[in-house]
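Open the model in a viewer and keep a selection panel at hand.

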Amino acid sequence: MEVNWPDWLNFDWLDLGWLELPWVDTNWFHDNWYGLLLLGFFWGVVVFTMVGALTAVYVYVERKVSARIQGRLGPMETGPHGLLQTLVDVVKLAVKEDVRPAAADALAFRLAPLLVVVPAVMAFVVVPFGVPMVIRDLNVGILYFLAVPSVTGVGLLLAGWASYDNYSFLGGLRASAQFISYEIPRTLAVVTVVMLSGSLSSAGLIGAQADTTWFVLLLPLSFVIYAVTTLAEVNRVPFDIPEAESELVAGFHTEYSGFRWSLFFLGEYASLTTASAFAVALFFGGGLGPVLPPVVWFVLKTAVIVFFAVVLRFTLPRFRQDQLMALAWKYFLPLSLVNLLLAGLVMKAVF
Amino acid sequence: MSDALLVLMPFTTLGVAVVLLLAAALHTRLGPDYRAFVDRWTGPLSVFGVGVPFLLALVGVFSDGGSGPRVEALWFSVGDLDVFFGLRLDGLATVMAVVVAGVSVLVHLFSIGYMKGEHGYVLYFAELSLFSAAMLLLVLASNFFLLFMAWELVGATSYLLISFYYHRPAAASAGKKAFLTTRLGDLGFLIAIFAIFFHLGTLRFDEVFAAAEAGMLGAGWEVAVPLLIFAGAVGKSAQLPLSVWLPDAMEGPTPVSALIHAATMVAAGVYLVARTFPLFELAPAALTVVAWVGALTALVAATIAVSQRDIKRVLAYSTISQLGFMVTALGAGVPEAGMFHLFTHAWFKALLFLGAGSVIHASGLHAVSIDDVGGLVKRMPITAWTFVLAGLALAGIPPFAGFWSKEEIFSGLLAEEPVLLGILLVASFLTAFYIFRLIFLVFFGPERFAHGEVSRFHESPTVMGIPLLVLGAMSVLAGFAGVSFLGFPLQGLMDLEPAAEEGHVTLWLLALASGLGVAGIALAWWQYGGDRPLEADVALRRNLGPLYQVSENAYYLDPIYNRTLIGPFLSAAGFLAFSIDNGLIDGAVNGLARLTQGLGALFRRAQTGLVRDYVTGMAVGSIILAAVLWRVL
Amino acid sequence: MLDSDVQIALFAAFGGIAVIAALAAVLTRYLLRSIVAFGAFLTAIAGQFYILAADFVALIQIFVYVGGVVVLILFALMLSAVGQKHPLAVSEHRGLGAVVAYAVGGWLVWAAFGQDLPKAGQVPGETVAFLGRAFLDQQLVAFEVIGIILLAAVVAALVIVRGERL
Amino acid sequence: MTLVLVFSGLLFAIGTYGVLTRRNAITLLISVEILMNAANLNFVAFSRLWEPELMTGQVFALVGISIAACEAAVGLALILAIFRRFGTTDVGRIDFLRG
């Protein structure tokens, strides 16, 4: 079956050439469709494990750092300095009984965690670790990064509604409301960056920053807006009303337990990682660095940002729901519009 | 007599009539003192209104005679019909004018007394003046259009006057009956006018007569037009087929009967035939018909009058009979005899009616029958003796007016239609009998008053007395006006052809006629002379049996008409009104209304209020539209 | 256009999913399932858009529709408390609806086969760039109109729901 | 190309069926959205078929999506208002504008 690829839908990105695996005939994969399917699956697995690993690291780091902030040691028993703590958690969650409330709507209950995790993980596809090192350089990469996570809004709502109890229902409502509200200023912030970079593709972004300086220097306000709104999107500390322990028990995933709960957890951290990775790509020139290879730079920068996120968690008090919403609609939205104007001026100045 | 004066004649009366009508209308509005003023002056004003034309008519009589003054003005023109307002005072018109105006003056005078205190006093005089004006207009008219208009106006006022006591149903229905019956006759007259205009193109008398003589009318119409005109005359003068209305017309006030149903209106028919006599002469057949109708009417009316109980009905049938005499004269080709009899008859018949009126006025009843009163000669001498004078004139006793005019008719008939002469002689015998039967029953014999004290009978006031006396004189003198051998102007006045031979009078005929008169009186005296006159009637009824029955019920004309004409007509009208009008027309209209309502309800159901149905509608609609477009494109 | 078999296969797959999801959304008796099915339908359609070389539209579809409209509908569902417990009433005269649907569907499908359409042209790489350019010169009106309509809709929604308490 | 048309035709039919038979207002709304998407599909397909550079079809699709979003927003607002006012979202029972 001769496959004549249309030029734009080429699958060369699946090319594993750079792996230089001698015994693998990379072309075979491109020749027939089940080959492609296999390749797709392969990359899926790769991404998922990477996300899992990163999440494990971040959980450990978070536990350690938060403990240090609160003047305690954090997990120590499980392995040297508690390094295996996350592994232990994972095993616990995997083993733990996965309870489902009787009255809950079976379909929605099972679907909700997937809807939260999958989009977060899918966002990884366009993260530009290194200029050539991006899993799939879509020319609408950035839009992809903005669009796909928006599906989690549905997931949150569904989780809240499906668990059929008031706490989770309210939690779900608040979470999705917050998610939706902060999506707008966040998108506008990213738009300002796109204005500067000239194209929607994430790789192009890096190129643009290579020519000029890091965008964070050009658009500091956008970075601030982006940072805050992303924290809100991910329901991290200042904005984690949905699963505020004190009031709503555990927010929309109160009824979940065991592996499904871990999926939520995984989803949250994955989106945090993706967002911070993209923050690096958008503002900190992702991978651009004097000596070290781009990938290393990229990871270091992401680590710094995540560190800040973790630190924030145990320093700032929680927002009240109406303050939270007011903040989004009455402050960030106008701010981001003004920011658009500034970006225009900067663009005029720089180019 | 100048033209201006001629115009003045009808218009004074008309003017007075209008003034009085206005007064009547405002009568209830204005204050009591105004009302007194009006009541006081209504009588004299109306007498003046009629007096002026009477004087002018007299002037006309003694002026040059022959073709008098003539006034002609274009009234209006429609298409090629030019209608003129034409007045003319020739010989015939003068005679009629004198009669009409004269009798009117006397009746108006009499009415002042008779109607005093009646409700609607002013209105009565207004209508009476209007009638006189119309009558004058009719007489003076010089073309068919004006004649017919006056003819209708006269009919209308007669209706008004007959049903003057409108609160009494009998009077109202009598008025209607009179109006409708005469209307039937007028229809014929109208058709005749149409035919004349259609064929001859003009309505003026002299032009019409000239053209008719020239044979422009065409064979069929030449006979039909006179007959149709005669139909009008029959209706108006209550000749046989259409004579039923006159006896009922007695419901009106008596002066009205005197003026309208004795002297003037009923005479209009005779005048009409006389006026259009040239047309009749062209059709001998028409003339025989006229003669026979007249003769039969005279005989039948006379026989009915014999058995009547109400005094006014006796006089009514007597009028019909006398009119029969005039019509027979016309039919026999001696119009001037007919007109002369009309002239004399007007005076003594008016007197008879006024006499009856005076009796009724005195009795206080509405209608007096011979059973009610008796022997009034002692209490009401003037009324009684003037009544006797008129009776003698009516009976045709030599020195009195009736004799001369009847004589003229008889001599005319002798030459033309001997058979009719016989009939008329029998009729005149019966005439003498029934009038003196009335006189003996009412005035002579024992004093009787069925409804109360006889003593209340007293002679009428002078304002009623004077007309009686004048009429009495005229009953005596009127005859001499027309006697041919005396060479009096009346005969010559009428520019109609004189009688067959000039001046020759058959003595035996004179003797026979007057003899019959005396015989009639003798028979009446023999029957009713005694002191118990009423038994005579009972005896007569017994031995005459069925004949008397027929006569009393006026040959059952009314029931026959009801069953043959009115019955089917009403049922036909009923059918039209209910089945056609209601069923068909209303049905269609209501049906339409129901149809629209039904459609409305149908479509209302489409508005279900459900969004779903609307969407379905849209979907189906769009499919159909798409299909159509698909096929079209 | 759908020249390569892979694309056709992929497009057909997404089409199948879309049709099934749509049927589920329309036929199911539980509202929540219907909405979820609708979400799936939208994503399938987004996939189809992607294959038809309209990647920007696909992503916008996901961003606006799945992220926005579906959430909105879920909100409406929750606020209107027509919960998932009792099944929805089904319209009584379904026959009529079915007939009309078949008619419409049948006619459209029949029309689909009747056409002889030209070969598809070459697709530019940068669809977003072209789209941007199109939006700002030839289709500027559409761009402005969208803005106005969105504004109007937001205001309308606010007024209807909050009415006096604005 | 016919494949696309077939799919959009089918979707349109499903959408119509949904609109015509569903009693619940929200499902009604969903069906309408399905209709809109079927239309968008056609837009995009034809845009791909004719003058791909001009992107008219895609612009229309985008406009379609935004209008659908507006429609959803206003529609849901209406549904909420109706629910609050009449206590039901059952389209069959809301017939107060009956003739």
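This is a predicted model. Start by selecting chains C and D: 76 residues of chain C are in contact with 63 residues of chain D. On the chain C side, the elements that contribute two or more residues are H1 (5-27), H2 (31-51), H3 (55-79), H4 (94-114), H5 (127-136) and H6 (140-162). Which of these gives the most? Select H4(C), which supplies 13 residues to the side that touches chain D. Now colour that side of chain C by class: 63 residues are nonpolar, 12 are polar and 1 is charged.

Chain C has 6 helices and 0 strands, and its pattern along the sequence reads α-α-α-α-α-α. Of its 166 residues, 42% are buried. Take the contacts within chain C between residues at least 6 apart in sequence: 54% of them join residues at least 24 apart.

Move on to the largest nonpolar core, which has 203 residues. Select B:Leu138, B:Val270, B:Val273, B:Ala350 and B:Leu424, the residues with the most contacts inside this core. Centre the view on B:Leu138. Leaving out residues up to four places away in sequence, B:Leu138 touches B:Leu147, B:Ala150, B:Trp151, B:Val154 and B:Ala268.

For the last stop, select A:Ala123, A:Leu157, A:Phe265 and C:Phe49. These are among the residues of another core, of 181 residues, which lies apart from the largest one.

Key:
Residues numbered from 1 in each chain as written. Chains lettered and ligands numbered in written order. Predicted model: local features only at pLDDT ≥ 70, side-chain atom pairs only at ≥ 80, totals over all residues. Core = buried A, V, L, I, M, F, W, Y, C linked by C-beta atoms within 7 Å. Buried ≥ 20, exposed ≤ 12 C-beta atoms within 10 Å, placed from the backbone. Contact = placed C-beta atoms within 7 Å. Helix = DSSP H or I, 4+ residues; strand = E, 2+ residues; numbered from the N terminus. Nonpolar A, V, L, I, M, F, W, Y, C, P; charged D, E, K, R; others polar.
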